[in-house]
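Thanks for coming, everyone. Please bring up the model on your screens, and we will walk through it together.

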Amino acid sequence: MNFAKKIKKANFSKVYISIHSHISEHHDYLTQIKGSWKQTFEGIKNSIELEIPLMTNTVINKVNYKDIPELVSMLSGIGVRKIELDFIRYIGNAKVYFNDL
């Protein structure tokens with residue numbers, strides 16, 4: 001919550017948070033950071049609680065494409081009003097791991 005309070009105090013016009021699944025294992029696999037789903041979800045909830053303008057982003061891939069309906073339902077259920085779905089861009093790590101994604 002401390003980080004979200006700093007964001008609120010800095011008066012950002014919007015927070016943009018990437019979340020890749022409602023299933024923590026899928027999100028953590030895609031970010032390659034164990035525990036990142038929990039931290040990301042807490043950031044989303046804190047932003048909503050503090051009324052920080054928020055948009056989420058989800059990159060659709062073969063790991064999470066079946067998760068999208070439930071993810072959108074979960075996010076809208078907690079108050080997220082702007083949800084962006086995007087496709088993989090053939091750059092960076094997505095280029096390296098393209099066949100896996």
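Let's start with the aromatic rings. This is a predicted model, and the count here comes to 1 aromatic pair. The two partners are Trp37 and Phe41. Their ring centres lie 4.9 Å apart, and their planes meet at 10°, so the pair is stacked. The cut-off for stacked is planes under 30 degrees apart.

Where does the pair sit? Look at helix H3, residues 36–49. Trp37 and Phe41 are 4 residues apart in that helix, which means about one helical turn separates them. Are these residues buried or exposed? Trp37 is buried, at 17% relative accessible area. Phe41 also counts as buried, with 12% relative accessibility. The limit for buried is under 20%.

Now step back to the whole chain. How many helices and strands does the chain have? There are 5 helices and 3 strands. In sequence order, the pattern reads α-β-α-α-β-α-β-α. The radius of gyration is 14 Å. The globule rule gives 13 Å for 101 residues, so the chain is as compact as a globular protein of that length. The C-alpha trace spans about 40 × 25 × 25 Å along its principal axes.

A few more chain totals. Of the 101 residues, 32% are buried. Take the contacts with a separation of 6 or more: 70% of them join residues 24 or more positions apart. As for charge, count 14 positive and 10 negative side chains. The centres of those two sets lie 7 Å apart.

Find His20 first. His20 sits in the loop between strand E1, residues 15–18, and helix H2, residues 24–31. His20 is buried, with a relative accessible area of 13%. What does His20 contact, leaving aside neighbours within four places in sequence? The list is His27, Leu30, Thr31, Thr58, Val59, Asn64 and Leu71.

Then go to Asp86. Asp86 belongs to strand E3, residues 83–87. Its relative accessible area is 17%, so Asp86 is buried. Beyond neighbours within four places in sequence, Asp86 is in contact with Asn57, Thr58, Val59 and Ile60.

Is Phe87 buried or exposed? Phe87 is exposed, with a relative accessible area of 60%. Its contacts are Val59 and Ile60, not counting residues up to four places away in sequence. Now compare a distance along the chain with one in space. Phe87 and Lys34 are 53 residues apart in sequence, and their C-alpha atoms are 23 Å apart.

Here is another such pair, Lys9 and Ile52. The two are 43 residues apart in sequence, with 9.9 Å from C-alpha to C-alpha. Lys9 lies in helix H1. Lys9 counts as exposed, at 75% relative accessibility.

Last topic: backbone angles. In general, most residues other than glycine have a negative phi. Two residues here are worth a look. Asn11 has a positive phi, near 60°, and is not a glycine. Asn11 is placed in the loop between helix H1, residues 2–10, and E1. With 64% relative accessibility, Asn11 counts as exposed.

The other one is Glu51. Phi of Glu51 is also positive and near 60°, again in a residue other than glycine. Where is Glu51 placed? Glu51 is in the loop between H3 and strand E2, residues 54–60. Glu51 is exposed, with a relative accessible area of 67%.

How values were computed. Residues are numbered from 1 along each chain as its sequence is written. This is a predicted model: local features need pLDDT of at least 70, side-chain atom pairs count only at pLDDT 80 or more; totals for chains, interfaces and linings use all residues. Side-chain values use heavy atoms; hydrogens and water are left out. Rings of Phe, Tyr and Trp (its six-membered ring) pair if their centres lie within 6.5 Å; planes under 30 degrees apart count as stacked, over 60 as edge-to-face and the rest as tilted. Helices (H or I, at least four residues) and strands (E, at least two) are DSSP runs, numbered from the N terminus. Buried means under 20% relative accessible area, exposed over 50%, partly exposed in between (1.4 Å probe, protein chains only). The radius of gyration is taken over C-alpha atoms; the globule rule is 2.2 Å times the number of residues to the power 0.38. Contact means heavy atoms within 4.5 Å. Lys and Arg count as positive and Asp and Glu as negative; His and the chain ends are not counted. The place of a charge is taken as NZ of Lys, CZ of Arg, CG of Asp or CD of Glu.
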